[in-house]
Structures are given as structure tokens and as C-alpha cells.
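Please open the model in a viewer and display the backbone together with the side chains. The stops below are given in the order in which they may be selected.

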Amino acid sequence: MALTLAVVTETWPPEINGVAHTIAQLVHRLHSEFGYCVQLIRPRQSQQDQASVRPDFSEHLVASWRLPFYPQVRLGAPAAYLLYRLWKQQRPDVVQIVTEGPLGYAALWIAQTLKIPVISDFHTHFDQYSDYYRLGIFKNLASRYLRSLHNQTLFTLVPTQSLCQYLSTKGYKNLALLARGIDADLFNPNQRSNALRQRLGVSNTDLLVVLVARLAHEKNLDLAFQAFQRLQHTQPNAQFLVVGDGPERSRLQKTYPFAHFAGMQTGVALAQHYASGDLFLYPSLSETFGNVITEAMASGLPVVAFNYAAAQEHIQHEVNGWVVPFGDHAAFIEQTLQAAQASHRATIATHARATALTLDWYQVTEQLHQLLQQAATTKLQ
């Protein structure tokens with residue numbers, strides 16, 4: 001049965017982040033491969049932004065504002081009246097709340113009023129971000145808000161089993177595991193670019209260390225730079241390539257002038273930056289998944305990361321990458337040094353690629369389709 005699905009999200013391409021990438025993949029595949037009629041409700045991203053309307057796919061744009069301490073994050077206005085009018089006229093079978101801001105909360109309220117089934121996604125530890133931005137006084141409030149919103153939906157989609165277990169201990173109910181896929185045709189070792197390495201001054205025998213991330217405080221990025229600085233003591237010709245943008249970029253460039261900052265990259269250019277490297281460092285401690293880990297693995301780039309989220313789900317230590325205990329900074333630096341010297345790094349890279357090839361977006365979308373069918377047939381009181 002083809003469904004009408006209303007997707008409510010405060011981030012969407014061309015914005016570049018894991019949430020936007022993931023939900024766009026799923027929405028487009030539900031529409032094109034499973035025949036869904038999609039209503040996409042999202043914030044207007046600029047004055048020039050225009051809603052897209054095509055057969056069985058319509059966008060509905062709402063006002064928005066940026067967080068003053070994090071301008072890359074946009075919140076959608078509640079827009080309750082717009083949602084009520086839209087869903088009275090074109091009632092969806094299911095509402096999917098992707099982000100938990102004011103727009104998401106309004107969608108929950110209106111869907112409950114109209115007795116439309118609602119599911120939700122857990123993509124970001126927004127409550128933990130308060131620690132990074134000196135807003136700790138709001139952490140407990142944010143935690144209660146998130147838990148309350150999600151527990152009012154039929155089920156909450158989470159990307160890893162470990163996150164399921166963690167959220168269960170925090171009082172979250174009705175959790176459903178929905179993995180993440182990877183475009184292994186785009187992220188491919190064949191994207192390796194000798195021209196890119198030459199522009200960076202990296203010879204075929206030199207080590208190129210890569211970091212791809214949103215350059216933000218919660219990503220714990222200084223640890224990766226510190227690990228690289230230690231590595232340079234034994235491999236002085238090694239180079240460090242940083243891909244991404246964010247509020248920390250200016251500070252990081254001033255603090256670590258030895259690194260190459262490539263800025264935001266997308267598509268083939270991003271794939272080339274991954275595949276042209278020899279080792280991938282990911283020091284973040286705030287992920288719910290971490291798409292960049294599987295993108296690096298698909299690119300044949302061995303990963304050093306903390307043992308949680310995507311790394312815990314997909315990396316076997318010393319088989320297809322390296323993982324260290326969560327939060328152990330000394331172990332992360334030591335493992336970086338060992339990985340840089342590892343004689344079997346090429347074998348690790350081959351195994352990483354093989355793992356990524358098993359992460360198929362079609363299977364993930366089919367699983368979501370089954371969950372949506374289940375939600376649509378749920379009898380609401």
C-alpha cells in the first residue's frame with residue numbers, strides 16, 4: 001500500500017550534515033522506489049528558497065531563525081496553523097518528526113489533535129550540546145523535553161543498538177532500530193586523486209591523515225590535531241587534511257597552521273578528499289551515528305575512532321579499523337601513532353571497504369517502509 005508521508009525536519013539539503021543527508025536519502029527512495037506521496041515540511045533556508053512541487057512530492061516552507069551561538073543550526077517556527085490547514089485538506093497516513101525543535105513539537109501537537117499516527121527520529125544529542133556551549137543549566141530541561149516528545153510518538157528510530165540501549169536507560173520507550181546506508185559507488189577507493197595529493201605536497205610514500213567533520217566545539221577536534229602533532233615526531237613528512245566548515249574553523253586554523261583546511265566539500269570532490277588519504281581520525285564524542293566513519297570506510301580509508309556509535313557498530317579492532325575506549329584521549333593518540341606505522345594498513349583498508357559494501361540504502365529504506373506501514377495501521381485512541 002502506497003502511503004502519504006508527512007516529513008517534518010529543520011534541516012535539508014543543500015545544508016550539509018548527517019541528518020540532512022540521511023533523511024534526504026530515505027525520503028527520495030521512499031518516493032521513487034516505494035511510491036510514497038511525500039509532504040516535506042521544513043524551514044525556508046534563504047529569501048530565494050522556493051518550495052518544490054512535483055508529482056506526489058510537495059514542499060511546505062515555514063519561517064525560521066538561527067541559534068545565536070551556533071548560526072549553522074536553524075530552527076523552524078511552530079507553524080501550527082499551516083500544519084492544521086494542510087493536514088485537514090491533505091491528510092497524511094503518517095507524520096515523521098525528524099528534528100525536535102519548535103516545528104517538530106507543533107507537528108506532534110497537530111497530528112495528535114487530528115489523530116494522525118506519528119513516529120520520530122533521534123539523530124542528535126541536543127541535551128549534551130548544552131555542556132559544550134556553556135548552557136549546562138538547560139541540560140536537564142532539554143533532556144526531559146526530548147524524552148517527552150519522543151515518548152509521545154508510536155516509536156522512535158535510532159541508528160545503532162548501543163544507542164537503543166542507552167536511551168532505554170534514560171526512560172525512552174518504543175525504540176526501533178533503523179541502520180544507515182552508504183553510497184559505495186560514490187565513496188570508493190577509485191576516487192583517489194594524485195593531483196589532489198600533489199597540490200597538498202604529499203608524495204606517494206608520505207602519509208596523508210584526513211579528518212572530515214563539522215568544525216564545531218562538540219566534535220572534540222583538538223584531540224585529532226594533537227594526535228597528528230605527536231605523529232609528526234616520527235613521520236615529519238606527514239600532512240593533515242581537514243575537510244568541513246563550522247564555527248570553530250577560524251580558531252582551528254589559527255591554532256594549527258600546519259593543517260590544510262579544504263572547507264566544505266560535496267559529491268565527487270568530497271569522495272576524492274576521502275580516498276586520497278591514508279588514515280582517518282575521528283575524535284568526536286557526541287555522535288548518534290557518525291556518517292563520516294562509514295564514508296571513510298567505503299573510500300578504503302582506515303579509521304581511528306572511539307568505540308561507540310558507527311565505530312562500535314561497524315569496526316572490528318585491528319580487522320577493518322581501530323577503536324579505543326570511549327573518552328580515553330591518551331589511547332586515541334597512542335592508537336593514531338600505531339595505525340600510522342601499521343604494516344597491514346592496506347589490508348585494514350580493504351576490509352573496511354568490504355564492510356561498507358554491506359551497508360545498502362535500499363535495505364534500510366525497505367525496513368523504514370515496513371515500520372511506516374505498521375504505524376499507518378495503528379489504531380489511535
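Begin with Asn17, which caps the N-terminal end of helix α1, a side-chain oxygen lying 3.0 Å from the backbone nitrogen of Val19. The model is predicted, with local features requiring pLDDT of at least 70 and side-chain atom pairs pLDDT 80 or more, while totals for chains, interfaces and linings use all residues. Residues are numbered from 1 along each chain as its sequence is written, and side-chain values use heavy atoms, with hydrogens and water left out.

Next, select residues 18-34, helix α1; helices are DSSP runs of H or I of at least four residues, strands runs of E of at least two, numbered from the N terminus. At 1.5 Å a residue, the 17 residues of α1 should span 24 Å, which agrees with the 23 Å between its end C-alpha atoms; the expected span is 1.5 Å times one less than the number of residues. Among the buried residues of α1 are Val19, Ile23, Leu30 and Phe34 (buried: under 20% relative accessible area, 1.4 Å probe, protein chains only). Just after α1, Gly35 takes a positive phi of about 75 degrees.

Move on to strand β2, residues 37-43: six of its seven residues are buried, so the strand is largely enclosed by the rest of the structure.

Finally, select Arg353 in helix α14, residues 345-356. Beyond its neighbours within four places in sequence, Arg353 is in contact with residues including Phe187, Asn188 and Met297 (contact: heavy atoms within 4.5 Å).

Terms used: Buried < 20%, exposed > 50% of the residue type's maximum accessible area, 1.4 Å probe, protein only. Polar contact = N/O pair within 3.5 Å; in protein donor to acceptor, adjacent residues only side chain to side chain.
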